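Student: I would like to learn how to read features from a protein model. Can we take them one at a time?

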Amino acid sequence: MSDNKRLDYLDMTKGLGMILVLIGHLQGDSIFTFSPYIQPLCVYIFSFHMPMFFIVSGILIAVKNEEIKPFKDVAVSRFRGIMIPYYWFSLFYMIVVVTALINGEIAVQTLYLNIWYVLSGYGMNVLWFLPALYLGELLFIRIRRKIRDDVPFVTVIVLMNAIVYLLAYFAGIAKYPTPFAERVHDLIIVVLRPVLVCGFIAIGYYMHKLLRKGTRIGDFFNKPELNAKGKISFKYRAAYIVLGLMLFGVCFAFFRVNNGIDFRSLAFRNVFFFFLCALSGSFGMISLCKGLPRIPLFCYWGKGSLIFMATHNSQKVLTFSLKTAMYVNQYLTRARGYICYAIVIVIITAYSTFMIWLISRYFPFITGKPYKLPWKKK
């Protein structure tokens, strides 16, 4: 299978992953009033959706061999692609906060807190993901460049993660009686997150190495069976789809044990079942996307996943979506929950898709890319 095909299914994984992120974030009384049965789905999604993005990052590092490139070059390149968007979108989020402050909707302390979140790297809302990913990738590449042998490298990663999970547990049960203590806790979270991200990146990295072409197991998984027309056979695709569904089943069987995790605050509860669900759900999605034919819209969402992540949680768009759903509900009362929830998802997805197009075409500097006049030829 070609590299382009491999990257296509990773783009699709990220694209579908963003839909899961959107669904998982649609929580609260305003949503559950229409769809009370949707809460278990949100818990299921949270059991694996963030580790999945880190695993994909590890696969891409292996594909591009970034661990052997000059560290400074990688750091600068990833800063442009991850941290520049972090600061731009943080600025846009701050504008919303300042507007709310001017309108008397929030206290000034909320403004100070969000400034702290931005500067400390804790992150406003969903933007926590970006500093964690950036530092996690750099940590992985730095350690990999220092330790080239696989066994010592994996040993170091495992020990680091074991220590950090213990620290995260004790940080979670500790008391923070003052605002200063809470800010210290924020810094602890900021320091611990990249180590855990590094662990999932390592899993993706080694999974790619294990399944690369040229190895017995890699050829088994990567050598597609072709039909009479020279296209990938249905049997080959179906095998990956079935494998993906089976892995989803494993995740579904155990996600209730932890009953919801939160990577942002490092709330994992039972670490064994957290990993079981994170890995089975993540590789279930990757396997499913490898079995599916290329779907351009999913790839589009995947390529613009950073923009999708940063724009999908607009409160104004959510309010408009809910009002639209309530209006439709007057005429389709028999399928109230399903229809209302679907309307909200479709509207927010359409909005984020538009934002991907708008920013990519007219404001690429927001995502760290050089600005080019859209009407000029490449």
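Student: Which residues make the nonpolar surface patch of about 1,100 Å²?

Tutor: Patches are made of residues with over 30% relative accessible area and no salt bridge, where nonpolar side chains (Val, Leu, Ile, Met, Phe, Trp, Tyr) are joined within 5 Å and like charges within 9 Å. Accessible areas come from the Shrake-Rupley method with a 1.4 Å probe, and for residues only the protein chains shown count as cover. A salt bridge is a side-chain nitrogen of Lys or Arg within 4 Å of a carboxyl oxygen of Asp or Glu. Here the patch is made by W88, L91, F92, I95, L297, Y300, F354, W357, Y362, F363, F365 and Y371. The elements that give it two or more residues are α5, α13 (296-303) and α16 (336-362).

This is a predicted model, in which local features need pLDDT of at least 70 and side-chain atom pairs count only at pLDDT 80 or more, while totals for chains, interfaces and linings use all residues. Residues are numbered from 1 along each chain as its sequence is written, and side-chain values use heavy atoms, with hydrogens and water left out.

Student: Which element gives the most to the nonpolar patch?

Tutor: Helices (H or I, at least four residues) and strands (E, at least two) are DSSP runs, numbered from the N terminus. In this case α5 gives the most, with four residues. I95 lies in helix α5 and is partly exposed at 47% relative accessibility. On that scale, buried means under 20% relative accessible area, exposed means over 50%, and partly exposed is in between (1.4 Å probe, protein chains only).

Student: What kind of aromatic pair do W88 and F92 form?

Tutor: Rings of Phe, Tyr and Trp (its six-membered ring) pair if their centres lie within 6.5 Å; planes under 30 degrees apart count as stacked, over 60 as edge-to-face and the rest as tilted. A search of the whole structure finds 39 aromatic pairs. The pair of W88 and F92 is tilted, with 6.0 Å centre to centre and 35° between the planes. These two residues are four apart in helix α5 (residues 71-102), so about one helical turn separates them. W88 is partly exposed, at 31%, and F92 is partly exposed, also with 31%.

Student: Where do the side chains of D8 and R294 meet, and in what?

Tutor: Side chains of opposite charge can pair when their charged atoms come close. By the cut-off given above, the count comes to six salt bridges. One of them joins D8 and R294 at 3.2 Å, N to O. D8 lies in helix α1 (residues 3-25) and R294 in the loop between α12 and α13, so the pair ties together parts that are 286 residues apart in sequence. D8 is buried, with a relative accessible area of 15%, whereas R294 is partly exposed at 40%.

Student: Which residue forms a salt bridge with D150?

Tutor: R144 does, with the closest N and O atoms 2.8 Å apart. R144 is buried, at 6%, while D150 is partly exposed, at 40%.

Student: Over which ring does the charged end of R144 sit?

Tutor: A charge sits over a ring if NZ of Lys or CZ of Arg is within 6 Å of the ring centre and within 35 degrees of the ring normal. The charged end of R144 sits over the ring of F153, 5.0 Å from its centre.
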